[in-house]
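Visitor: I have a new structure to read. Could you take me through it, one feature at a time?

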Amino acid sequence: MKLSLFIRISIISILTIVPIFQASAQSQQRGGNKPDNRPRTASVSGRVTIGGKPAVNARVSLDEIKDGRMRGGADVAVDVSGRVSSAFGGMNEGEDSYALTDADGRYRLINLPAGSYEARVNLKAYIAEKKTGENDLARSISLDDGETINDLDFSLVRGGVITGRVTDAEGQPMISGRVQLQIVTEGGQRLPYENYSSMQMFETDDRGVYRIYGLRAGRYLVSAGGESGFDLLGLSGAKHHRTWHPDTDDENRAKVVDLKEGGEATGIDIKFGDSKRTFEASGRVIDDATGQPIPKINVMCIQTGGDGVSFGGFNGQATTDAQGNFRFNGLTPGSYQVVMINLSALLSGGENKHYSDPATFEVKMSDVENVEIKARIGASISGVVAFDGVSDESVRATLAQSFITYMSKQERSDDPRPDSPFVFGGGMPTMIKGDGNFQITGIRPGKVTFMISNMKGEQLLVVRVERNGADAGDGIEVKAGENITGVRVMVTIDLKKKQ
């Protein structure tokens, strides 16, 4: 989807103040002009209150969960003709409906087709009077033909606010910095705050000011800086040590913010100390067989610690230039790995033909150069994913919102260590087509097994793998550069864990 043709806007910004709506007049079908001839005999109604009083003109939306749309999306894209579509480029052929509450806080949505929906009240500064789940303002429901739900109510109270300013050692504002929040439990445990209704409120403005709202009463710790809170699509490591309110890099000395119900904690400022000295690492990706550079391929830099990878030390992602070069900056002293990933292939639906071993390096007190990744042409596997003994069409439809990933296991040929006699490899998820077909490329040689993941949270379990009609047993043996077809991955659904 070309962003130049689309304007990303908030759903709330298209709210129009008019009397209570019927769903038949306010529903927007996504996915173009495909006719939807389903019966429309279901309805939903309820009431929204704030502190026991009616919430007037509150917008209640009902989004159909279909064909891979991820729940909780707050943004849509509008093209130049004014049509509404999914931000994921038409992955959802369902429809959205909405209504505004009347003077008594009541809303009603009618003429709805059967299906699975997410109902949401768009009042981000408020929270449910009683905590109902990860998202206080959203409920998941299912509607059958002719079904009427009359009591989908939202009882809200105003959430609390924590606000303050983030500055450097000279008192200058830290602009577009990411603030992090932790919850301190009654037992003293410190847990990350994960109920993000809006990521923007965790970012400082041009004055270094942040304002986090919609919070439950409780005890909180506020911090900024460090290597957490990274952006997957790209950036370098942190410029400052992680610092807790008001000005300490020791979490045990952080000052706890005691937030009352509906209260506002102001002046929760953070002042950084001196900046960390950081360094950069540069290198290139080449084809191992020809020695030629590989352009426009994604690489990821990860800080390692001990015997494994520390994702808290994540330092960004880059794309190689025309000469296969890459560069990472903002690195603090420590051990790192650079790995090749097919992120762009995942996002664009293309393919990545290469695989590689990680390139390791260490940052001491200087920049690192000539980090080299040797890429090899991988094998490919194509086939189909199908349900084993499942005839329910609504269950079968989950394939259109699922991904297939693989794991390759190969015995070491170079002085195998007793504690690690195998080389393992895997790849980014590959989208399964609506008819169940898939193709995975860039596979490392070895015995390959498969896993299925799903956007909506259904637990899809692989029960059998076949190759050209024969049982593949505990995996498919894949040789270097081999192109394998006729694979059939049979799955079932774990109804106990189905959300």
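This is a predicted model: local features need pLDDT of at least 70, side-chain atom pairs count only at pLDDT 80 or more; totals for chains, interfaces and linings use all residues.

Visitor: Which strand pairs with β39, and over how many bridges?

Guide: Strand β38, residues 460-467, pairs with β39. The sense is antiparallel, and there are two bridges.

Visitor: What is the order of the strands in the sheet?

Guide: The order is β36-β32-β41-β38-β39. These five strands form an open sheet with mixed pairing. Its edge strands are β36 and β39 (470-471), each of which pairs on one side only.

Visitor: How do I read the pairing of β32 with β36?

Guide: Look at direction and bridges. β32 and strand β36 (residues 437-443) run antiparallel and are joined by five bridges. For a landmark, find Val384, which stands opposite Asn437 in β36.

Visitor: In which sense does β32 pair with β41?

Guide: That pairing is parallel, with seven bridges between β32 and strand β41 (residues 483-493). Here the landmark is Ser380, opposite Asn483 in β41.

Visitor: Is strand β32 buried or exposed?

Guide: Go through the strand residue by residue. β32 covers residues 379-387, and nine of the nine are buried, so the strand is largely enclosed by the rest of the structure.

Visitor: Now the rings. How is a pair of aromatic rings described?

Guide: By two values: the distance of the centres and the angle of the planes. A search of the whole structure finds five aromatic pairs. One of them is Tyr193 with Tyr220, which is edge-to-face, at 6.4 Å centre to centre and 70 degrees between the planes.

Visitor: Which parts does the pair of Tyr193 and Tyr220 tie together?

Guide: Tyr193 is in the loop between β17 (190-192) and β18 (209-215), and Tyr220 is in strand β19 (residues 218-224). The pair therefore ties together parts that are 27 residues apart in sequence.

Visitor: Is Tyr193 buried or exposed?

Guide: The cut-off for buried is under 20% relative accessible area. Tyr193 has 7% relative accessibility, so Tyr193 counts as buried. Tyr220, at 3%, counts as buried too.

Visitor: Why is the pair of Tyr336 and Phe361 stacked?

Guide: Planes under 30 degrees apart count as stacked. The planes of Tyr336 and Phe361 are at 10 degrees and the ring centres are 5.5 Å apart, so this pair is stacked. It links distant parts of the chain: Tyr336 is in strand β28 (residues 334-341) and Phe361 is in strand β30 (residues 359-363), 25 residues apart. Tyr336 counts as buried at 1% relative accessibility. Phe361 counts as buried at 10%.

Visitor: Which residues form one aromatic cluster?

Guide: Tyr193, Phe202 and Tyr220 do.

Visitor: Where does the charged end of Arg59 sit?

Guide: Over the ring of Tyr98, 3.9 Å from the ring centre. Look also at Arg139, which lies over the face of Phe154 at 4.7 Å from the ring centre.

Visitor: Last, the confidence. What is the mean pLDDT of the protein?

Guide: The mean is 77, and 72% of the residues reach 70 or more. Over residues 1-33 pLDDT stays under 50, and the model has 83 contacts beyond four places in sequence for them. Residues 228-237 also stay under 50, with 23 such contacts in the model.

Technical notes:
Residues are numbered from 1 along each chain as its sequence is written. Side-chain values use heavy atoms; hydrogens and water are left out. Buried means under 20% relative accessible area, exposed over 50%, partly exposed in between (1.4 Å probe, protein chains only). Helices (H or I, at least four residues) and strands (E, at least two) are DSSP runs, numbered from the N terminus. Two strands pair if DSSP finds at least two bridges between them. pLDDT is the predictor's confidence in each residue, from 0 to 100. Contact means heavy atoms within 4.5 Å. Rings of Phe, Tyr and Trp (its six-membered ring) pair if their centres lie within 6.5 Å; planes under 30 degrees apart count as stacked, over 60 as edge-to-face and the rest as tilted. A charge sits over a ring if NZ of Lys or CZ of Arg is within 6 Å of the ring centre and within 35 degrees of the ring normal.
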